[in-house]
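User: I have a structure open and want to talk through how it is put together. Can we start with the strands and then go to the helices?

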Amino acid sequence: MLFILKNMSQYIILENSEFKLLIEYYDKNKKEHAMNITCRRAVITDAESISRIWEAVCAERVYTVINNPFTPEQERDYITSLSAREGIFVAEVENRIIAFQSLDTWVKFTDSFDHAGTIGTYLLPRWRRKGIGRKLAQHTIGFARDHGYEKLIIYVRASNTGAQNFYKSLGFVPKGILTKQVKIDGQYDDEVFMELFL
Ligand SMILES: CC(C)(COP(=O)(O)OP(=O)(O)OC[C@H]1O[C@@H](n2cnc3c(N)ncnc32)[C@H](O)[C@@H]1OP(=O)(O)O)[C@@H](O)C(=O)NCCC(=O)NCCS
């Protein structure tokens, strides 16, 4: 089989084996790119950058149940309110925060759920599908294990199949669907619950 690629204004014809090499090179590059990313726990001065990611993801309207972005002030309050077992973990490239993942206890009104945590993951659009979500998850899961969590739970909009696939790739298993659980811009969406035992 032959593959025709358009590079600038030129057309290049590749044989099957050459095309496979190109894909392998692309995949390797993608993973190497993710290796230049550093993950760390967010501090209060990160609130503005995290709020900017909320703004970008909320503006897309299709990924999260949060329809109004949290302001820098709300993020500052949130970071301050987190216990030693909770946190936001940020991914940075060249000292710029481009993604974050939150880890919270499932509920706060009783200690019966202290072994269960919930996470959320948000990347700026241009950094998606480069292995950064997975890298953040490795960081967060390590932290969760070290802090006594035995399982993580996530709830994802049913229409957000990309995020469900992401969580499945981490080992999360779908456990059920709540129907018409979200209503955004007048449109209902279901929510899928997923869990991962650590
Ligand atoms: C969903 C999201 C967190 C995933 O992070 P990411 O860095 O893009 O994902 P990764 O590159 O680490 O992907 C790891 C694996 O997850 C799966 N995956 C990730 N995104 C996917 C998508 N859109 N479609 C299908 N599979 C996907 C793939 O198996 C992928 O491995 P591969 O690239 O080698 O095939 C990110 O794309 C994002 O921020 N999306 C918008 C916000 C959002 O939906 N957040 C979740 C709300 S609960």
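User: Which residue in β6 is the bridge partner of Q101?
Analyst: T121 is the partner of Q101 in β6. Bear in mind that this is a predicted model.

User: How many bridges join β5 to β6, and which way do the two strands run?
Analyst: There are seven bridges between β5 (residues 96-105) and β6 (residues 116-123), and the two strands run antiparallel.

User: What is the strand order in the sheet?
Analyst: The order is β3-β4-β5-β6-β7-β9-β8, seven strands in an open sheet with mixed pairing. At the edges stand β3 (38-41) and β8 (173-184); each has a single partner strand, so one side of each has no neighbour in the sheet.

User: By how many degrees are neighbouring strands turned against each other?
Analyst: On average 25 degrees, with direction ignored.

User: Now the helices. Which strands does α2 lie across?
Analyst: α2 lies across β4 (87-93), β5 and β6, and runs at about 90 degrees to β5.

User: And at what angle do α2 and α3 pack?
Analyst: About 120 degrees, with the axes of α2 (residues 47-60) and α3 (residues 72-81) 8 Å apart. The two helices are therefore oblique to each other. Their crossing is right-handed.

User: Which residues meet there?
Analyst: From α2, A47, E48, I50 and S51 meet P72, E75, R76 and I79 of α3. By class, this contact of α2 with α3 has four nonpolar, one polar and three charged residues.

Technical notes:
Residues numbered from 1 in each chain as written. Predicted model: local features only at pLDDT ≥ 70, side-chain atom pairs only at ≥ 80, totals over all residues. Axes fitted to C-alpha atoms, helices over the stretch in contact; angles between N-to-C directions. Helix = DSSP H or I, 4+ residues; strand = E, 2+ residues; numbered from the N terminus. Parallel < 35°, antiparallel > 145°, perpendicular 65-115°, else oblique. Left-handed = near helix turned anticlockwise from the far one by under 90°. Contact = placed C-beta atoms within 7 Å. Nonpolar A, V, L, I, M, F, W, Y, C, P; charged D, E, K, R; others polar. Pairing = 2+ DSSP bridges.
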